[in-house]
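Please look at the structure below before reading on. The points that follow are meant to be checked against it one by one.

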Amino acid sequence: MRKLAESTVNADCLFEDAEWSFDSLRRVYDAIDVVARNRLNLNLYSNQIEIISSEQMLDAYSSIGMPLMYRHWSFGKHFIRNERLYRKGAMGLAYEVVINSNPCISYCMEENTMAMQTLVMAHAAFGHNHFFKTNHLFKQWTDAEGILDYLEYARGYIAQCEDRHGVTAVEKLLDSAHALMPNGVYRYRRPRIPSLSDEKKRRQERRRFEEHNASYLWNAVTDKARVVPADAELQQRKRDLHLPEENLLHFLEHYSPVLSPWQREILRIVRNIAQYFYPQKQTRVMNEGCACFVHFYIINALHQNGLLNDGAMLEILHSHTNVLFQPDFDDPRFNGINPYAIGFAMMQDIRRVCENPTDEDRDWFPDTAGCKDWRGVLLDAWANYRDESFIQQYLSPTVIRRFRMFATSNDADDPYYLVTGIHDERGFHHIRETLAQNHDLASLEPYIQIVDVDLLNDRRLKLQYVERDGIPLDEDQKEATLEHLESLWGYDVILEKMPVT
Amino acid sequence: MGHFIDRRLNPKDTSLGNRRRFIRRVRTHIKKAFDQAVRERKIADAERGEDIVVPSDTIAEPTFRQANEGGKRVRVSSGNKSYRTGDKIRKPPPGAGGEGAKSGSDSGEGDDDFLFVLSRDEFLDLFFEDMELPNLVKRSLQQIEVSRPHRAGLSTTGSPANINVGRTMRNALCRRLALRRPSDKEIRALREEIFSLEAVSSPTREQRSQLRKAQKLLEELLRRQKIVSYIDPLDVRYNYFEQKPEPREQAAMFCLMDVSASMGEREKDLAKRFFMLLHLFLRRCYGTVELVFVRHTHNAQEVDEETFFYATATGGTIVSTALSETKRIIEERYPPAHWNIYVAQASDGENYAGDSRKCAVLLSDWLMKYCQYFAYVEIVDEAEAEFLNSEESGVELWREYRHIAEVWPHMAMKRIARAADIYPVFKELFAKKSRDAQIG
């Protein structure tokens, strides 16, 4: 409080008004930039900050946060739903949306006050920006340079397909592709990312192939050449199909017997977009934690230097605590562990361990405890981990105690939940393990792969669901999704489950 | 390096394409809700938007995902109060709300039906779709009524084209007088005086002081003229215009319908659309449109809209009673000198033997002289429409009306079996209107 009282009158203040203006935005941006680069050593894409209205924010919301998305009814549906909730006051809008691209684009709403714009810029244009640029998942799996060009290309291509093949045909295909979107990513191996010109070349090749196939002569030749292949040949063909395959969209794109080239191209677009978002799903805790840590540090630095007045600081802290609120398990608002809260708490704790470690911390983190270089430790963590491994590595007993965490197991056969560990000496490891597993996509998303194709008989496609811990698939959703899969494959599809415990 | 872009002025409604696709997707449901709405709505509010409810399963986006129940899961929660390792917590009974730690669907989407609002334009689009209206007509019906600028005094701001010169000059003059700005004439006189004084070769002392005084005065006047400008921004006045809706004439629309038992729901539904379309049209042309509903069986009475469409009545069918009732109402409340009278009649074509002659007399002797337009539709079965394709054939009422239509050009009649048949009844009416619009 003493510090607050001292700084009430200060000529250095970056802004006094609640209203923002482009001048004050720029002043604040420059001040943040200095802190971010010099004191946090952040590595940033250049920033592009766009001021948008609430309607445009709703727009961005409904097309999964991307500008330039292609057209599809489901985006319209989300827009209508969000708009209704927003107009009724049931839902607030996010203060910002940020896009993993180079330059890094962040949207700020025009309704925000100047204090909020300050927070939003520090959070999105610096926190998320640094994370996008340095985290290994984003570096390996996404192409920040090319994404906007690619989306532009995708939108144009799909619009062109709508003209050529009819809106209904394209819509039907997109419906099916969207149903398989979560299964359209490579989880383990990484494909080469083709450039825009490669994409074009590949498309031309496909068209040539299509023309080639249209010729009767060629059909006649293949007819004549049909012989029953031997068993070894069959095995070889299966090998050629690269089975088993976890990326369903990739498989369909390459081997579906019924799709025409333009349909394969659209599957590819959907698959690429899914792949682009895959790292974000794996790093929610880290991404938000990083952004919150960065904005909190920057805002405090600005305030200490007298660049922010107390009113603005209080307003910022108010939103800050709202975002980081973690309700207890028996609170009606409880919906799992808040990724913002746990991410921010863990990162603050890393700093504490580096600066003021306790004996317990020295036991748990012999490498970092007391090393003083918390910036280095955090930069390393942001660059080289994802949620699951980050929690596995850095969740400390202090944080577990602070959240009063406890682990429960829920067996469908038992009439009770069993408490398997709490925030005590014996439970720390168990809780850390469990929480890490709760953030591991492999255990959250069903693991489904294509294992076999009966190419010689009825071309039936065989899928396998690896049923871990007896957790089944949602039956209704499964049936509906399989129908989509069948329409893309053109023949029967069966899904078997393989229990694993 | 930061770069700021103001996107607020970018074109709006970029998601309109997605919305259209969505609406097309749920078309069958919208259509059903729409038909329901047409049935329930009053004729006069054909132009509102409409709430549409779509069952959520038709617009589901399925994916493979884990079921909420079954199997063995472990999970970390926060805020432990008194649990210890090994404690067993009884599960809430299945189906009970508020499962606490285990609730919340991961999809984030409820299973509720999906509700959204169809805008006025989208609603009218659907309305016109059945009717197969030509585009020109659709446009003229959709237009919001025209307004013209009217003078509404003066203002101190405005565009240069609207400067009121007279008023501006008058203000300037007042100000110049009040501030005693020297006129050019005064200055010219003084200059001449100075000139003549300077011309004197050997001025007397008196003349010299007079010259000095005059020069000083001139200096003062010039300074004053410079300070008090000839026209000041303060003086400028602009003509001010207000947008006022065009004053329009008033019209009375009479809806006549046979409500005897032979008119079923389908017939009434078609009749309602027929009345709605005429009403929409009249709304475009007239400032106020009053609706009068006259229903008849073997006798006629004026009723409200609710009764008109939904109440059942039994009895024979005597059409002339409705026309007499109309005549009575017109004479009583809508003197033709002040009102434009439009009459729309819907019937299944049946009439009491010998009554049709009476109707014809009533029409040609009286009603046709006073009304602007008389539209008659005979609602028939789709099957019936097949063999009644000739205009000449038909029952008594139809034949009598045909004679009248030959004499009076503003009588229109048609058999309709589908919504698409309705528009041709008004064809001439709309054609006239769009011709007027083109000329005007």
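**Notes on a helix pair, a sheet and chain A**

1. In this predicted model, Met347(A), Ile350(A), Arg351(A), Cys354(A) and Glu355(A) of H16(A) are in contact with Trp374(A), Val377(A), Leu378(A) and Trp382(A) of H18(A). By type, the residues of this contact are seven nonpolar, two charged and no polar.

2. Two packed helices are described by the angle between their axes and the distance between the axes. For helix H16 (residues 339-355) of chain A and helix H18 (residues 374-384) of chain A, the angle is about 145 degrees and the axes are 9 Å apart. The crossing of H16(A) and H18(A) is right-handed.

3. Both chains contribute to an open sheet of four strands, in the order E2(A)-E3(A)-E1(A)-E1(B), with mixed pairing. Its edge strands, each pairing on one side only, are E2 (96-99) of chain A and E1 (2-6) of chain B. From one strand to the next, the twist averages 20 degrees.

4. Within that sheet, E2(A) pairs with E3 (residues 104-109) of chain A in the antiparallel sense, over four bridges. Glu96(A) has Cys108(A) in E3(A) as its bridge partner.

5. Which strands does helix H5 (residues 114-134) of chain A lie across? They are E1, E2 and E3 of chain A together with E1 of chain B, and H5(A) runs at about 25 degrees to E2(A). Helix H3 (residues 54-62) of chain A lies across E1 (47-52), E2 and E3 of chain A, at about 135 degrees to E3(A).

6. Chain A as a whole has 23 helices and eight strands. Of its 501 residues, 54% count as buried.

Definitions and conventions: Residues numbered from 1 in each chain as written. Chains lettered and ligands numbered in written order. Predicted model: local features only at pLDDT ≥ 70, side-chain atom pairs only at ≥ 80, totals over all residues. Heavy atoms only, no water. Axes fitted to C-alpha atoms, helices over the stretch in contact; angles between N-to-C directions. Helix = DSSP H or I, 4+ residues; strand = E, 2+ residues; numbered from the N terminus. Left-handed = near helix turned anticlockwise from the far one by under 90°. Contact = heavy atoms within 4.5 Å. Nonpolar A, V, L, I, M, F, W, Y, C, P; charged D, E, K, R; others polar. Buried < 20%, exposed > 50% of the residue type's maximum accessible area, 1.4 Å probe, protein only. Pairing = 2+ DSSP bridges.
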